[in-house]
Amino acid sequence: MDSNPGDTKLNPGALDVPPPPVRSAMDRASPPDTAEQLQDQWTRIRSRLQQDVGDVEYRTWLRQMTLGNVDGDEVAVHLPSRFLRDWVRGHYADKLNALWQSENKRIRRVDIRVGGAGASADASLAERDGSALPGDADTPDMPMADQMAPSSDPTRPEMAAPLDTRFEFDSFVVGKPNEFAYACARRVAERPSSPGFNPLFLYGGVGLGKTHLMHAIGIELSRRDAAPIQVAYMSAEKFMYRFIAAIRSQSTMEFKEQLRSVDVLMVDDLQFLIGKDNTQEEFFHTFNALVDAGKQIVVSADKSPSDLSGLEDRLRTRLGCGMVADLHATTFELRISILEAKALRAEAQVPPKVLEFLAHKITSNVRELEGSLNRLIAHANLFGRPITLESTQEVLHDILKAHDRRITIEEIQKRVAEHWNIRLADMSSARRARAVARPRQVAMYLAKQLTSRSLPEIGRKFGNRDHTTVMHAVSRIAELVEQDADFGERVELLRRMLES
Ligand code: ADP
Ligand code: MG
């Protein structure tokens, strides 16, 4: 069960996407996926993409994708215009491919094309509560084979997701912002269910290491040669799918029993349960049953228990009863250490100057930092060239630009006014004719997306308008962009001009 050095080898095709889980021979022989299963896979792919690329990028380029037909080993993904299709092909094809393969081993090719009229079935299932889900969700949506242990491992409950062996304690770089969370996770892995550490609640922003630490706990526990410990790790989303599947197949008792038979239950991204009342209720009961039986619970979320409004009070109270540890935003020093560790693991020669440059530029989250470094290394390997500051700037051109941009509202107003041939003064005037009102709304929309200004601040710059006017403009334009591909392209064009 030692970590396999091959795990950390870079696969240029996959970049920062985790490698597809291993499937057993049985999976290959199983019948083709039903429409519902494919739709579920698609929903998960979309939400992973959104996590990977961030909200803004996702909303700009990917939100309008819909699922087309599956033909043999090829799946079609539709976009409403050629412009978007080309963009997605040029920028996300590898990612889509890798994500599809990790969800569905049968898929070998993703065909990105124009089309998808009436693709309303694409509504995000994940956004609805269980009761609204279509049937048939009870077939496994993820391969059960474990990457870490043979699938016959009796200590792995059937319903748990595989643990990713890259996410062990040894590969987690510790610094001021995460040392407390790390220490708590270590402690739980050493002595699960100790008083004061149950539940362990890890929280923090996207890409700061919550999932990594949870996997690390699971890996550590399953490596112990003392009495085998049953560890189940799953995302809150998966918990919900499993629960719904159990209801559909009238096997809720089995579901409950399975869950309650584990020694350690880890549920990731609990914020997903907000608004899903039935699933929350079920989780609450599972939680209580396990804690009362002296079992360990580890939970992660993007906010602290007290800030997770939308979760039931009694659940929030219980979540906060054990140890609550937050992962703070990274510091420059931590980012440098992480980059050094990752470069070393990948056996890549990256000059310190380049590492410093990256740590300065990419501050938002570790996933992005890691993704950038991976891209650099993959590029260098592909072309057999050393990594330099120049090549870094070239290869990471798009990422760096996104982190660099300091677009002003004035610039946006000017560009938009030029584009529609109206007077700049009309951006702040009281005129309400559509010919000026619509461009003004577009400018507000872009201001919201491209600057960090608040709605009231934006309102003030547009002739002292109220923040509700800005809010209305933003949602109206978002709607139009969705409905009218031509209009959408114009707005994209403007955005790209502003960003370049
Ligand atoms: P979260 O679950 O908080 O969104 P993840 O645990 O998925 O974040 O982390 C995102 C990526 O960044 C993963 O590849 C993870 O290995 C890496 N990562 C985050 N923090 C660290 C760290 N301190 N040391 C090493 N890698 C880290
Ligand atoms: Mg996570």
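Tutor: A contact here means heavy atoms within 4.5 Å. Angles run from 0 to 180 degrees between N-to-C directions. The model under discussion is predicted.

With those terms in place, consider helix 9, residues 277–292, which lies across strand 6 and strand 7 (296–301). Helix 9 runs at about 145° to strand 7. Helix 7, formed by residues 236–248, lies across strand 5 and strand 6. Its angle to strand 5 is about 95°.

The strands named so far belong to an open sheet of 5 strands, whose order is 5-6-7-4-8 and whose pairing is parallel. At the edges are strand 5 (231–235) and strand 8 (323–327), each of which pairs on one side only. From one strand to the next, the twist averages 15°. The partner of strand 5 is strand 6, residues 264–268, and the two pair in the parallel sense over 5 bridges. Within this pair, Ala232 stands opposite Leu265 of strand 6.

Another point of detail is Lys256, a residue of helix 8 (residues 252–260). Lys256 has a relative accessible area of 25% and is therefore partly exposed, since that class lies between the limits of 20% for buried and 50% for exposed. From C-alpha to C-alpha, Lys256 is 9.2 Å from Ala246 in space, while 10 residues separate the two in sequence.

Two packed helices are described by the angle between their axes and the distance between the axes. For helix 12 (residues 352–361) and helix 13 (residues 366–383), the angle is about 145° and the axes are 10 Å apart. The crossing of helix 12 with helix 13 is right-handed. Helix 12 contributes Val354, Leu355, Leu358 and Ala359, which meet Leu369, Leu373 and Leu376 of helix 13. By class, this contact comprises 7 nonpolar residues, with no polar and no charged ones.

As for the whole, the protein chain has 500 residues, of which 49% count as buried. Its secondary structure consists of 20 helices and 8 strands. Among contacts in the chain with a separation of 6 or more, 76% join residues 24 or more positions apart. The accessible surface of the chain is about 23500 Å², and carbon and sulfur atoms account for 50% of that area.

Key. Residues numbered from 1 in each chain as written. Chains lettered and ligands numbered in written order. Predicted model: local features only at pLDDT ≥ 70, side-chain atom pairs only at ≥ 80, totals over all residues. Heavy atoms only, no water. Helix = DSSP H or I, 4+ residues; strand = E, 2+ residues; numbered from the N terminus. Buried < 20%, exposed > 50% of the residue type's maximum accessible area, 1.4 Å probe, protein only. Areas by Shrake-Rupley, 256 points an atom, 1.4 Å probe, with all protein chains shown as cover. Pairing = 2+ DSSP bridges. Left-handed = near helix turned anticlockwise from the far one by under 90°. Nonpolar A, V, L, I, M, F, W, Y, C, P; charged D, E, K, R; others polar.
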